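Subject: Structure handover

Hello,

The structure is below, and my notes on it follow.

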Amino acid sequence: MAFTLQHDADRTDDDPAPDELPPGPGSCPLCGRPVYAWIALPAAGDDATVGLPLGGPERVLMRCEDCGVAFERDRKIDLAAEWTAVCRPGEPPERLIVIPNRASVQAGIGVEGWAAIELSPGRLIHTPASLDLLAERNGQSIERRRGVPSWRALGWMWQTLLNGLTFRPNFARELRAGRVHPQGGGERARFTVDLVVTVLGGPLVALVSFPLELVASLAGRGGELVATARERR
Ligand SMILES: [Zn+2]
């Protein structure tokens with residue numbers, strides 16, 4: 001399967017507008033524009049390593065160059081279910097949305113090693129533009145909020161930078177969750193290196209990651225996308 005890039009500048013007046021394009025296997029479920037292979041992640045349950053998985057089953061994520069949304073190839077996307085997934089239960093008419101932001105600085109630095117890449121509710125990994133479209137498709141409008149980053153967003157930036165230094169991505173989070181069980185000499189050696197790097201390097205990385213996420217958030221490119229949603233009138 002060949003993928004070619006088409007940017008806004010390449011379009012002509014004859015190109016149909018996004019709304020006129022029906023969603024298809026190779027098109028964005030939100031804006032209808034073509035999507036392209038972006039990155040591959042290990043199959044669910046497989047041991048994760050930072051970097052592209054080599055051989056074996058893997059999950060290919062597709063990316064829309066227009067609205068920026070990303071999603072796993074060959075998975076059905078239901079926009080009503082996606083909307084329910086991103087909204088926190090709350091009192092109507094206003095609902096709160098707090099989700100990972102694929103257009104953030106931390107996502108740009110980490111790419112497949114971004115600490116929040118697997119933490120989006122639903123099957124879509126959103127940008128501000130794609131969240132706007134999802135709201136529109138569900139008869140809602142949203143208002144984004146900017147401000148200081150949450151502890152969660154600060155933690156993601158910290159973990160994303162550490163992922164560049166450890167063998168196993170999200171080592172601290174996985175260890176805390178009890179999901180790290182090294183077996184064999186090689187795995188134990190990598191576990192020891194990851195532990196030492198996290199314990200000794202963690203505080204130093206925090207000196208960089210916290211101010212970086214703070215600046216990114218204030219510039220509107222924080223790791224979390226925070227918005228309130230209302231019914232459209
Ligand atoms: Zn799109």
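One convention comes ahead of the rest: an angle between axes under 35 degrees counts as roughly parallel, over 145 as roughly antiparallel, 65 to 115 as roughly perpendicular, and the rest as oblique. The axes are lines fitted to C-alpha atoms, for helices over the stretch in contact, and angles run from 0 to 180 degrees between N-to-C directions.

This is a predicted model, in which local features need pLDDT of at least 70 and side-chain atom pairs count only at pLDDT 80 or more, while totals for chains, interfaces and linings use all residues. Residues are numbered from 1 along each chain as its sequence is written.

Overall

The chain has six helices and seven strands. Both are DSSP runs numbered from the N terminus: helices are H or I with at least four residues, strands are E with at least two. From the N terminus on, the order of elements is β-β-β-α-β-α-β-α-β-α-α-α-β. Of the 233 residues in the chain, 32% are buried. Here a residue is buried if 20 or more other C-beta atoms lie within 10 Å of its own, exposed if 12 or fewer, and partly exposed in between, with C-beta atoms placed from the backbone. Two residues are in contact if their C-beta atoms, placed from the backbone, lie within 7 Å. Among contacts between residues at least 6 apart in sequence, 71% join residues at least 24 apart.

Helices H4 and H6

Helix H4 (residues 151–163) packs against helix H6 (residues 184–218) at an angle of about 125°, and their axes are 8 Å apart. H4 and H6 are therefore oblique to each other. The crossing of H4 past H6 is right-handed; by convention, a crossing is left-handed if the near helix is turned anticlockwise from the far one by less than a right angle, and right-handed if clockwise. On the H4 side, the residues in contact are Ala153, Leu154, Met157, Trp158, Leu161 and Leu162. They meet residues of H6 including Gly201, Gly202, Val205, Phe210 and Glu213. The residues of this contact divide into 11 nonpolar, five polar and one charged.

Proline 149 lies in the loop between S6 and H4. Proline 149 is buried, with 24 other C-beta atoms within 10 Å. Leaving out residues up to four places away in sequence, proline 149 touches Leu154, Glu213, Leu214, Ser217, Gly222, Gly223 and Glu224.

Two strands pair if DSSP finds at least two bridges between them. Strand S4 (residues 95–100) pairs with strand S7 (residues 224–231) over six bridges, and isoleucine 99 stands opposite leucine 225 in S7. Strand S6 (residues 140–145) is also joined to S7 by six bridges. Serine 141 has arginine 230 as its bridge partner in S7, and isoleucine 142 has alanine 229.

In helix H3 (residues 128–137), Ser130, Leu131, Leu133, Leu134 and Ala135 are buried. What covers them includes helix H1 (79–86), strand S5 (124–125), S6 and S7. Glycine 139, which follows H3, has a positive phi near 70°.

The four-stranded sheet

Another open sheet has four strands in the order S1-S2-S3-S5, with antiparallel pairing. Strand S1 (35–42) and S5 stand at the edges with a single partner strand each, so one side of each is left without a neighbour in the sheet. Strand S3 (residues 70–72) is joined to S5 by two bridges, and alanine 70 stands opposite isoleucine 125 in S5.

Positive phi outside glycine

Aspartate 74 is not a glycine but has a positive phi of about 70°. Aspartate 74 is in the loop between S3 and H1 and is exposed, with 9 other C-beta atoms within 10 Å. Valine 111 has a positive phi near 50°. Valine 111 is in the loop between helix H2 (105–110) and S5 and is partly exposed, with 14 other C-beta atoms within 10 Å.

Regards

Note on methods. Nonpolar A, V, L, I, M, F, W, Y, C, P; charged D, E, K, R; others polar.
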